[in-house]
Amino acid sequence: MPLTRILLDTRRKKSDGTYPVKLRVTYTREQRLYPIGLSLSEKQFKELLSSEDVRGKNKEKKRQMIAAQEKADQVIDKLTIFGFDAFERKFLISSGDDSDVIHQYEMVINEMRLEGRIGNASSYECSMNAIKEFYGKSSLSFHEVSPELLKKFESWMINRGRSRTTVGIYLRSLRALFNKALEESIITREFYPFGRTKYVIPSGRNIKKALKIRDVQKLLTYQSIPGTTEYWAHKLWIFSYLCNGMNINDIANLKYKDIEKDRFYFYRGKTINTSKQNLKKIEVMLTPPVREIIESLGTKPQKPDSHIFGIIEDPSTPLVKRAKIHQATKQINKYMKRIAVELEIEMSVSTMTARHTFATVMLNLGSSPQLIGESLGHANITTTQNYLGSFEDDIKRKFADQLYKLK
């Protein structure tokens, strides 16, 4: 019989000094933790557990803890055969008021977690928590969100030192929920608060992220010491630049079976869950420098189902994979910034820089925007989708070779 318990997950402290409260389910020696949307300090948590007479906000928090465990027990009782996947579908995607913004946030966040989209779930959770803190309540009706309220939220965020870019990220998540609510007829168009005549989400400054060709040449010819972390970071950055600006998530998920003779293929992890009806396979030419990096850093033996660079391994949970990819990205950025300083490159060099630089260098070398869009996997280039496949291999080979031989 599965056992449930509410506990404080003290593995990682939040910026406000609290820890997330979670439900732990134990079955046949396997344990899984599930967030219940509550964070407390160790002192608060102990007081709520030990005290029977709690009032005010503490009463609501204790009720939330008890309700989560009771709901879990009810879900377990209704399952003929217990399985974590079946439990999660029933427990995480909960019933509630569909007209409540916070409830919709929680449903989308839980769905994303079940799909392994941990980064998206984290972004939505940050947005939800900011809105809850601003509003001061744990529920918010769609009908209460007006252009005026959104303007006040923007001012509140900026006064707390957050950038307009952050405000934009948070409110785009909220707008996505409104779009979903419109599609499901939860609200009507008259209650939609976004648009040119209502509230316009701020956008951050378009900061130039691409390196100049002379700086790219410096990075391509830089000699790092084999076997060091700097060597690993430098080579993976070069690999990203030469391979259509692949991000580290896609590089980490690359397997030997993705290679076919003189090229390899991959789907962008960023869009694989949002473009299921129009998935675009990206083709990368295997130039000699790319082959050299695979031989140098690739795992041995080269088995078809092995990840090439060993950043992640199977089986592993989405959370563990994301943590390892995040750590790899952090390491690459750390060492590339050091290399940039040594080479007297003024711009900041990061994994994101590699992608922007790839596109800009392609353009400077004479590539058409259509080929650039195809190489980057931009599925939203609707006006050019019909003839993106017309580029011949010799043209792709020409530009793939020139990415390294910048003369």
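Helix H6 (residues 147-159) packs against helix H7 (residues 164-183) at an angle of about 145°, with the axes 10 Å apart. The axes are lines fitted to C-alpha atoms over the stretch in contact, and angles run from 0 to 180 degrees between N-to-C directions. Helices (H or I, at least four residues) and strands (E, at least two) are DSSP runs, numbered from the N terminus. This is a predicted model, in which local features need pLDDT of at least 70, side-chain atom pairs count only at pLDDT 80 or more, and totals for chains, interfaces and linings use all residues. Residues are numbered from 1 along each chain as its sequence is written, and side-chain values use heavy atoms, without hydrogens and water.

- On the H6 side, the contact (heavy atoms within 4.5 Å) is made by Leu150, Phe153, Glu154, Met157 and Ile158.
- H7 brings Arg164, Thr166, Val167, Tyr170, Leu171 and Leu174.

**The backbone**

- Most residues other than glycine have a negative phi, and most peptide bonds are trans.
- Arg29, not a glycine, has a positive phi near 70° and sits in the loop between strand E2 (19-27) and strand E3 (30-40).
- Arg29 is exposed (over 50% relative accessible area, with a 1.4 Å probe and protein chains only), at 86%.
- Lys261, also not a glycine, has a positive phi of about 55°; its place is the loop between strand E4 (259-260) and strand E5 (263-266).
- Lys261 is exposed too, with a relative accessible area of 75%.
- From Lys300 to Pro301 the peptide bond is cis, with omega near -5°, and Pro301 lies in the loop between helix H11 (288-297) and helix H12 (318-342).

Technical notes. Buried < 20%, exposed > 50% of the residue type's maximum accessible area, 1.4 Å probe, protein only.
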